[in-house]
Amino acid sequence: MAVDKNMNILIVDDYKTMLRIIRNLLRQLGFVNIEEATDGSMALQMLRGGNFGLVISDWNMEPMTGLQLLREVRADAKLKGTPFIMVTAESKSENVIAAKEAGVSNYIVKPFNAETLQAKMVSVLGEF
Amino acid sequence: MAATIDRDLEQQLQALRQQGGDTVKVEDIGEVVRSLLSTLSGEMSAGDLKLYQELEALADYIHRAKDEIAQLRTDDLQSRYIASATDELDAIVGATENATNAILDAAEKIEEVSREADPALAAKLTEATTAIFEASNFQDITGQRITKVVKALKHIEERIEGLVSAFGPEIAAARAAEAKSAESGAKPTDEELLNGPQLPDAAHDQAAIDALFNNG
């Protein structure tokens, strides 16, 4: 099934410049409906109140981290199937394992490039 | 035990003083030492003596370390250098963030313009702006690394606070000595004049520099 480029994407990062970078890269890939949150709890509230086709989230945020957000999403009956990509500077094996165990759809290490972002989105959503 | 040793020793020293005043023969000193050792032998083992010596050496070492820590001017390290280092690092994060946002502003304007360009040119412009967005990633990583350094400095600062409270009187004495020296009004040395870039809040702008220069 073709990927709907009009779907809502939620990007989550406590660093606003990074939100801006990801938003611009997504826009270049043809995605236009992009919303932003600056921590896990804000993101969870937005996810529960909206209809999102993808979450792209940082890990290291306060008060709710990206991993906690992922666990909340996977534990929520309505949200548990939402594709979730972690974009983070945390690159230790134990981080990747913990994220996988929590049900992450894919994992991108910062700094990343547009090609990597596109490749991971394709692996999660399908070709677009 | 210590009181018994002190009493015996005191009696012997008193007898020596009565005999020879302040001038004591070497053999008499030997006798005092032998007498002292024989008094000790019943009460204190060689192991006890060794332990006592070790404790005494340890006490000397702690005393020297305490003096050296007081000389370090821990309050100065804390209030001037560490506080200044964290402010400088915060300023680096702020300045690079501003610069990154200015670069992103420019890249977004180029993207807008590219929509009006012919497809071939638009593709080239998009390729260039993508490279700019990708390269701007550095700011996030740099910020996180600097945050780690700031946390490490704060940890050191906490440890120094512990030292300051432990050695308060020594540090107060060192501070008083330095204040007295500063009051002498000596001109700053060349080294003291090299402070590097000032933090934004503390820096003079060009107008203030001109005013200082023209009034001087």
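A residue is termed buried if 20 or more other C-beta atoms lie within 10 Å of its own, exposed if 12 or fewer, and partly exposed in between, with C-beta atoms placed from the backbone. The model is predicted, so that local features need pLDDT of at least 70 and side-chain atom pairs count only at pLDDT 80 or more, while totals for chains, interfaces and linings use all residues. Residues are numbered from 1 along each chain as its sequence is written, and chains are lettered from A and ligands numbered from 1 in the order in which they are written.

**Strand β4 of chain A**

Select residues 84–88 of chain A, which form strand β4; helices (H or I, at least four residues) and strands (E, at least two) are DSSP runs, numbered from the N terminus. Phe84(A), Met86(A) and Thr88(A) point one way from β4(A), Ile85(A) and Val87(A) point the other way, and all are buried. In a regular strand the side chains alternate between the two faces of the sheet.

Ser57(A) stands opposite Met86(A). From β3(A) the chain passes through helix α3(A), residues 66–75, to β4(A) in a right-handed β-α-β crossover; right-handed denotes a clockwise path from the first strand over the helix to the second, with the strands pointing away from the viewer.

Then select β5(A), residues 106–109, which is joined to β4(A) in the parallel sense by 4 bridges. Here Met86(A) stands opposite Tyr107(A). Helix α4(A), residues 93–102, lies between β4(A) and β5(A) in a right-handed β-α-β unit.

**Where chain B meets chain A**

Display both chains: the contact takes 17 residues from chain B and 14 residues from chain A, two residues being in contact if their C-beta atoms, placed from the backbone, lie within 7 Å. On chain B, α4 (74–114), α5 (119–135) and α6 (138–166) each supply at least two residues of the side that touches chain A. Helix α6(B) gives the most to that side, with 6 residues.

**Ile146 of chain B**

Finally, select Ile146(B) in helix α6 of chain B. Is Ile146(B) buried, exposed or partly exposed? Ile146(B) is partly exposed, because it has 17 C-beta neighbours inside 10 Å. Leaving aside neighbours within four places in sequence, Ile146(B) is in contact with Leu89(B), Ile92(B) and Val93(B). The C-alpha atoms of Ile146(B) and Ile92(B) are separated by 8.7 Å, although the two residues are 54 residues apart along the chain.

Definitions and conventions: Two strands pair if DSSP finds at least two bridges between them.
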